[in-house]
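I opened this notebook to record what I looked up in the model, one topic at a time. The entries follow the order in which I consulted them.

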Amino acid sequence: MADEPDIPARPDEVNVPRVGVDEWVATHESRVHRGRLRRELDRVPTTAFYAGFAVVAALLPLVTNNGYVIRVGFDTLLYMLLALGLNIVVGYAGLLDLGYVAFYGFGAFSYAMLASPHFGLHWNTLLIVPIVVAATALLGFLVALPSRRLLGDYLAIVTLFFGQLFVTVYQNGNQISLLGFTRKVDVTGGPNGITNIDNWNLGGLHITSLNGYYYAALVVFLVVLSMMYLVDGSRTGRAWRSLREDPLAAELMGMPVNRLKLIAFAMGAGIAGLTGTLFAGLNTAVFSADFDVPTLIIVYAMLILGGAGSLGGVILGALVVNVSLEILRTPGHASWIFYLSLLALVLVWVRPWKWAAIVLGGTLAFGYAVYGIVSAVWPRGTEGDVPIGGLLGDWLDTWMIHPSNPQTIANYAYVVLVFAVLGLTLIAGWKRWLAMIPTLYLSAFVWDNRLVMEPSITRLILIGVILIVLMNLRPQGLLGTQRVEIV
Amino acid sequence: MNWNLFVTELVAGITHGSVYALIALGYSMVYGILKLLNFAHGDIYMVGAYIGLGIITVFGGPLALTVNVVLMLFIMFLCSMIGGGVLGVMIERFAYRRLRTAPRIAPLITALGVSFFLENSAQLLLGAQQQSYNSFSWANGPIALDHFSLPAGAVISYANVIVIVGALVLMLALTYFVQRTQTGKAMRATSFDREAASMMGIDVDRVIVVTFFIGSALAGAAGVFNCIVYQQVFPYMGFQAGLFAFTAAVVGGIGSLPGAVLGGLLIGLAEAFATGYISSTFQQAIVFGILIVVMLLRPSGLLGRAVIQKV
């Protein structure tokens with residue numbers, strides 16, 4: 001656009017000294033060309049966004065009394081807390097912690113043991129929470145200890161193993177005896193978990209309602225967020241980031257690298273433990289299977305999608321991922337989301353506009369042509385059920401083929417689709433846009449005939465794809481800032 | 001002392017250890033060259049096992065095999081090795097290649113994503129239930145049942161012999177390849193210093209592709225080896241096997257091929273004796289304990305060289 005003012009080569013910010021940042025890198029942001037909207041948004045202080053989020057979140061139970069919506073809101077807050085904790089370890093310190101959900105589980109189980117008929121203990125929550133947070137932080141410290149001298153990769157394997165071990169131990173912890181000498185004691189409830197857990201009891205104030213827990217989670221979240229906001233700009237926060245960018249240089253600059261790693265690990269674990277107490281309080285039952293790899297990957301996807309290292313990004317990532325995963329549970333809603341994302345993908349990715357129109361029109365025409373041919377040649381190919389009703393379902397019935405027994409053919413189509421998508425990345429220009437037309441139709445075919453029926457697997461596949469695609473195309477996530485390399 | 005139990009666990013340990021060693025070799029090779037912890041490696045092992053199952057089904061299923069068992073085993077290994085190798089090369093090409101110069105954490109997270117994608121795709125396409133090789137009931141020659149006896153009553157089945165001998169042959173072939181051929185030499189050079197190797201005219205991209213192919217082919221073969229003894233195939237089988245194999249690679253000294261074999265055998269034996277003498281629920285804890293002890297006492301692994309970081 002011609003009427004936009006040029007970005008000054010040396011904006012005012014240059015004169016502000018920035019501690020510990022190369023000047024060229026420090027001014028990188030002001031040299032990046034941004035649209036007008038983005039520049040206006042940049043002018044709003046980030047605290048205003050957080051405050052706005054807090055107000056909107058606090059109003060949610062007043063706007064709706066639908067229990068399901070509040071429940072999703074509560075879960076989203078828990079995921080935001082988890083993502084904030086993981087952000088310290090992965091986003092700031094750059095350490096890959098693959099046992100993170102074990103700390104979450106440890107917190108939940110510790111709460112369950114101290115406030116349930118399992119051991120007959122019914123402590124006050126105000127007492128339990130500090131104990132659990134301290135114990136989880138200590139556990140995180142101990143897990144990180146053996147790998148502190150080593151590269152990040154070793155930490156990844158030790159923590160991954162620790163996470164697995166946690167699940168196994170808690171799964172089999174109902175018959176623990178000390179080297180066979182004592183009688184067997186049921187410590188963790190084993191596969192049955194621990195049930196009948198007490199509600200939160202804040203010195204006599206019992207939180208029993210869903211709304212109560214929602215507000216409790218919101219308060220905890222805001223406290224942790226403020227803490228993170230302060231840590232972000234603190235000396236330790238800057239030290240973590242320097243450690244992430246270059247551990248060797250950080251060490252040479254005199255930073256206590258090992259201590260920084262351990263602090264990051266213990267803090268992340270502590271927040272996970274705190275989140276676990278909330279989880280156990282509302283659900284009143286904990287099972288070790290809830291704290292296995294799928295949960296871990298979901299938290300990672302949230303962190304990566306929003307942008308590791310950026311507080312706003314982490315919050316946005318948790319919100320987007322959790323709400324999308326909830327929507328995926330209902331086929332009717334999921335299909336709308338799927339087709340709208342295909343549309344958005346074409347509109348955002350395909351350039352110039354002329355080609356976007358050709359791809360969209362071509363896909364529509366291609367679909368009608370395939371439908372016509374299949375219904376003429378192989379009538380059973382269009383006899384199957386359309387998985388959803390409504391406007392979209394009616395349209396799909398005239399455009400998409402639904403074989404009467406789709407599973408096998410859709411499985412093969414899935415494999416072909418994977419190869420087709422990989423092939424698309426190898427070709428460029430108009431050939432790619434042309435090849436997109438059958439690929440889009442194929443993906444819609446696989447979606448309608450297979451994926452939409454298996455929401456629990458589909459969501460996990462999508463999470464995996466999100467991680468791969470984001471890391472390859474936009475490793476800084478939606479709101480993260482790109483790393484600037486100086487050679 | 002119960003001699004019978006001891007020999008049984010010893011054989012089980014060496015068998016499992018050979019499988020872990022084959023997987024660990026791939027981990028170690030890839031790590032040596034790219035410094036990348038390839039979490040998807042365990043899932044290539046899973047895919048290899050499923051390819052073997054597919055071959056059994058093609059030849060009429062376990063109860064009505066239409067070909068000779070030896071021929072079928074040969075075809076199974078060939079297909080699972082080629083299939084695993086091609087899968088590994090594809091993963092490298094499409095998921096990791098763009099990230100060679102990215103911060104270290106980016107390829108690690110991508111590898112997690114690939115692993116998750118493969119596991120759940122397998123579950124979507126093939127179902128979550130366990131399927132079995134049923135090598136006990138193979139119509140012409142039940143290799144898991146036929147056995148020869150040792151003194152003191154211990155028995156070894158032919159399936160165990162096939163696994164141990166087969167793994168040994170593959171390891172010897174790999175050693176020959178790495179030590180004696182031109183490409184092997186290029187591989188060692190790349191692993192030593194990638195930049196210097198490329199300056200000496202080594203086609204690093206090609207070396208990386210070959211490394212992924214060989215490492216993944218070994219994992220594919222390991223999948224079949226595991227299943228002709230232990231039967232069960234399921235989408236998440238690669239996770240624990242991959243974890244144990246990676247532990248084996250770290251214990252032996254990551255980047256060192258003899259180390260990977262030694263580590264694999266050690267982990268396999270530890271697991272078997274833990275199952276036999278203590279309890280099968282604690283095998284994971286014992287392997288984890290070995291990992292921690294080795295990392296505390298000898299962080300570069302049993303046979304690894306200490307890495308000197310150059311600036």
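**Entry 1. Helix packing in chain A.** At roughly what angle do the axes of helix 4 and helix 9 of chain A cross? I note first that this is a predicted model. I found that the axes of helix 4 (residues 46–63) and helix 9 (residues 210–233) of chain A cross at roughly 170° and come within 10 Å. Since angles over 145 degrees count as roughly antiparallel, helix 4 of chain A is therefore roughly antiparallel to helix 9 of chain A.

I then listed the residues that meet between these helices. Helix 4 of chain A contributes Tyr50(A), Ala54(A), Ala57(A), Ala58(A) and Pro61(A). Facing them in helix 9 of chain A are Asn211(A), Tyr214(A), Leu218(A), Leu222(A) and Leu225(A). Sorted by class, this contact between helix 4 and helix 9 of chain A has nine nonpolar residues, one polar residue and no charged residues.

**Entry 2. Confidence in chain A.** I checked the pLDDT of chain A next. The average for chain A is 85, and 89% of the residues score at least 70. Two stretches called for a separate note. Where pLDDT is low, the predicted coordinates should not be read in detail.

**Entry 3. Overall make-up of chain A.** I recorded 20 helices and six strands as the secondary structure of chain A. Of the 487 residues in chain A, 39% are buried. Among the contacts in chain A with a separation of 6 or more, 74% are between residues 24 or more positions apart.

**Entry 4. Overall make-up of chain B.** Chain B has eleven helices and four strands. I compared its radius of gyration with the globule rule: a compact globule of 311 residues would have a value near 19 Å, and chain B, at 19 Å, agrees. Along the principal axes, the C-alpha atoms of chain B fill a box of roughly 60 × 45 × 40 Å. I found 53% of the 311 residues of chain B counted as buried. Of the contacts in chain B between residues at least 6 apart in sequence, 76% join residues at least 24 apart.

**Entry 5. Where the chains touch.** I looked up the predictor's scores for the complex, which are an ipTM of 0.88 and a pTM of 0.89. The contact between the chains involves 38 residues of chain B and 40 residues of chain A. On the side of chain B that touches chain A, the elements giving two or more residues are helix 3 (69–96), helix 4 (105–126), helix 9 (237–252) and helix 11 (283–297) of chain B. Helix 4 of chain B supplies the largest share of that side, 15 residues. By class, the side of chain B that touches chain A has 27 nonpolar, nine polar and two charged residues.

**Entry 6. One residue of chain B.** Is Val70(B) buried or exposed? I located Val70(B) in helix 3 of chain B. Val70(B) counts as exposed because it has 12 C-beta neighbours inside 10 Å. I also took a distance from it: Val70(B) and Leu243(B) lie 31 Å apart, C-alpha to C-alpha, and are 173 residues apart in sequence.

Conventions. Residues numbered from 1 in each chain as written. Chains lettered and ligands numbered in written order. Predicted model: local features only at pLDDT ≥ 70, side-chain atom pairs only at ≥ 80, totals over all residues. pLDDT = per-residue confidence, 0-100. Axes fitted to C-alpha atoms, helices over the stretch in contact; angles between N-to-C directions. Parallel < 35°, antiparallel > 145°, perpendicular 65-115°, else oblique. Contact = placed C-beta atoms within 7 Å. Nonpolar A, V, L, I, M, F, W, Y, C, P; charged D, E, K, R; others polar. Buried ≥ 20, exposed ≤ 12 C-beta atoms within 10 Å, placed from the backbone. Rg over C-alpha atoms; globule rule 2.2 N^0.38 Å.
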